[in-house]
Amino acid sequence: MNKKKLFSGIGAGILSLSLLLTGCGNADKGSSNESSKGNVTIDVFQFKVEFKKQFETVAKKYEQEHKGVKINITTVGGGEDYGAALKSKFASGKEPAIYNIGGPQDVEDWQKKLADLSDTEASKAALKGTLDGVSKDGKILGLPYNQEGYGLIYNKAVFEKAGIDAKSIKSYADLEKAVKTLDSKKKDLGLEAVFALPGKETWVTGLHLSNAFLAPEFDNNVLNAYNAKKVDFKYGDAFKKVLDLQNDYSVQPTVSLDYSKQVEELFSLQKVALIQQGNWVYGSIEGIDKEFAQKGIGILPIPVEGYKEDAIPVGIPMYWGVNSNKDKATVTEAKKFLDWLYTSDEGKEAVINDFKFIPAYDGFDASKISDPLSKEIYQYAQDGKTIGWTFMGYPTGWGQNELGVQIQKYLSKEAKWEDVVKTTQAAWEKSRNK
Amino acid sequence: MMRTRDLSYWLFLAPVLLALSMVVIIPLVFGIYYSFTNWNGIEVGSFVGLKNYLAILDDKEFLDSMWFTVKFSVVSIILINFFGLSLALIVTSKIKSNKFLRTIFFMPNLIGGLILGFIWQFIFIKVFAGIGSVFGIQSLEGWLSTTQTGFWGLVILMSWQMSGYIMVIYIAYLEGVPGELIEAAEIDGASPFQRLRYIIFPLVAPAFTVSMFLTLSNTFKLYDQNLSLTGGGPYNSTQMVAMEIFKTAFTESEMAYAQAKAVIFFVIVAVISLTQVYINKKREVEM
């Protein structure tokens, strides 16, 4: 009996020990990997799924040219998932060397873990104004990815068939007229409706659409939005008009219409003539109908009545940040890599040709931009016909969870426009006065 | 009953205790601690006392989602148990292919919640609308775009998924009902309904306890199906508590506040579940 107990005791002891040991074993592996042979490993944690493959290829190329540097890329897609994933990454202790930050709020939250990048070449080459949102106390804490722009993407062939000259649309009145013409001929044009408004995607309504109308009151500067104690909806009526126009002439019900239905099912298959989206949809459209993507689409401005009616909101979607908690060698190498990406000839080529980015830096040959949407947006930017991106300066979650949700309520006819404005104004003030 | 608890007793228990404390108890304690701070997910700030808990009292969004969750749970629990028991009665009756049917009914439970959500989203939005437009039934169009249809969409999805699982539990108890009791009742002239009401139901009462507990905790804590089917839309009106908490934590970056909500949620679920088990257990004894 005693012997039996002894054995079982030993058995149990081994069991629990093995549990502890496996835990330690893993930890050992992690740490030895990092410090082997004095090599530097740069862990990149980034959010842009669209260029994951191309980015990894470019990083491989960089590794080959720079012996002793290893780049690990992890991609977690989608705006809101990225923030959560990044936090858990940091909490787990495996902090990345390079990660993404969005704007002033992220800078505020992460500033203790962000290195000053003002000594990089890239920060000097960055286009004027692009660093506003990530500068703090004389330090530059982020480097822009690229430029992106959005507006009303239209189907050229359908416009032609309906006898509308897209170039002549320069104001809200023009747009409304064009939409009504399209609507009256939609049977002949093979359209289900003129627009596809994705009310389910609160970022389309609450961030992008709203930005066109709120940016003017913040002087197109994301920091002004970030510091604003309240929001006036100065161009709120113009906002409502464009929203109503999109909703009234959209495929119904708009509240449950999502991104893939809007872009892939309806627009790419040419069932609608107009969608409010940006140059990032090019890839999806190309995947479905290459010829249509290359030749058949263009972009129209979102008209803000009383302000600019022929401007495209152009901005920086995300910034690269370098983790200041890492050792000096890693930080230096990380900066070198970013510099290489945006200022070396090879890097530049990859940025334009492989990533298909609209560059946010000087010294790029813009004629090489390959997709038509990016080209047009770049042209708008060159002509100065732009509205800034200020939605990164909205209070955290305000754009999507307050405004976007209230707009859904409005689209379902559960709330009046005045209520939308009032509720969201109150929410803005509440979160700013915390 | 109390035996001497020697070393080997504790050693055998150690792996479980260790695992349990690592993945349940320690996180729970940490969670409760965080709920009293202003943690933002990146660094722990200062201790704020009960501030987070007081803020919950007038957080309309949280209370709305709570109310929605309660409504959803009540309806789903009734429907899931009803369908589960019905299916169990069908497959334990003497029809052919009952083994095969068991497998079929259980299948939905093998599919992950997220995927199920997307499948049903397709059914509700595409198939329903298709049938609706062919037969001119207005009410089948525009599903998931209103609160009502979103609610029933979730209920249908949940019932479809969980009934098979609950069925298995009922089958186990139904097969344990002694044949001679039923036979005796039959000879005494009890109608099929009477046999069900007075013989079978009391004997499967323990199954009610288990099933109720499972459905209750599952429907209350629902997240993945909610996320993939409606995503809380329209205008967050079909957002359940788990999703609301996740949103507070990760999109609004109010980790500590979300933690406080989670603690309250935990307490509510625990209290309801335990009361339910207690009441049902008592009923079992009486019968």
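## Exercises on a two-chain predicted model

The C-alpha centres of domain 1 and domain 2 of chain A lie 30 Å apart; the domain bounds come from an automatic or database domain assignment. This is a predicted model, in which local features need pLDDT of at least 70, side-chain atom pairs count only at pLDDT 80 or more, and totals for chains, interfaces and linings use all residues. Residues are numbered from 1 along each chain as its sequence is written, while chains are lettered from A and ligands numbered from 1 in the order in which they are written.

**Exercise 1. Find the two domains of chain A and describe their contact.**

Step 1: look at where they meet. The contact takes 11 residues from domain 1 of chain A and 14 residues from domain 2 of chain A. Two residues are in contact if their C-beta atoms, placed from the backbone, lie within 7 Å.

Step 2: sort the domain 1 side by class. That side has two nonpolar, seven polar and two charged residues. Here Ala, Val, Leu, Ile, Met, Phe, Trp, Tyr, Cys and Pro count as nonpolar, Asp, Glu, Lys and Arg as charged, and the others, Gly among them, as polar.

**Exercise 2. Trace the open sheet of five strands in chain A.**

Step 1: write down the order, 2-1-3-12-6, with mixed pairing. Strands (E, at least two residues) and helices (H or I, at least four) are DSSP runs, numbered from the N terminus, and two strands pair if DSSP finds at least two bridges between them.

Step 2: find the edges. Strand 2 (69-75) and strand 6 (143-144) of chain A each have a single partner strand, so one side of each is left without a neighbour in the sheet.

Step 3: take one pair. Strand 3 (98-101) and strand 12 (319-322) of chain A are antiparallel, with four bridges; A:Ile101 has A:Tyr319 as its bridge partner.

Step 4: Helix 15 (328-343) of chain A lies across strands 1, 2, 3, 6 and 12 of chain A, at about 60° to strand 1. Such angles run from 0 to 180 degrees between N-to-C directions, and axes are lines fitted to C-alpha atoms, for helices over the stretch in contact.

**Exercise 3. Is strand 11 of chain A covered on its faces, or exposed?**

Step 1: check each face. A:Ile312 and A:Val314 on one side, and A:Pro313 and A:Gly315 on the other, are all buried, and both faces are covered. A residue is buried if 20 or more other C-beta atoms lie within 10 Å of its own, exposed if 12 or fewer, and partly exposed in between, with C-beta atoms placed from the backbone.

Step 2: list partners of strand 11 of chain A. Strand 7 (148-155) of chain A runs antiparallel to strand 11, with two bridges, and A:Gly149 is paired with A:Val314. Strand 13 (386-387) of chain A runs parallel to strand 11, also through two bridges; there A:Pro313 stands opposite A:Ile387.

**Exercise 4. Describe where chain B touches chain A.**

Step 1: count. The contact involves 25 residues of chain B and 28 residues of chain A.

Step 2: name the helices. Helix 1 (7-34) and helix 11 (241-250) of chain B each supply at least two residues of the chain B side, and helix 1 gives the largest share, seven residues.

Step 3: look again at helix 11 of chain B. Nine of its 10 residues are buried, so this helix is largely enclosed by the rest of the structure; B:Met243 and B:Phe250 are among the buried ones.
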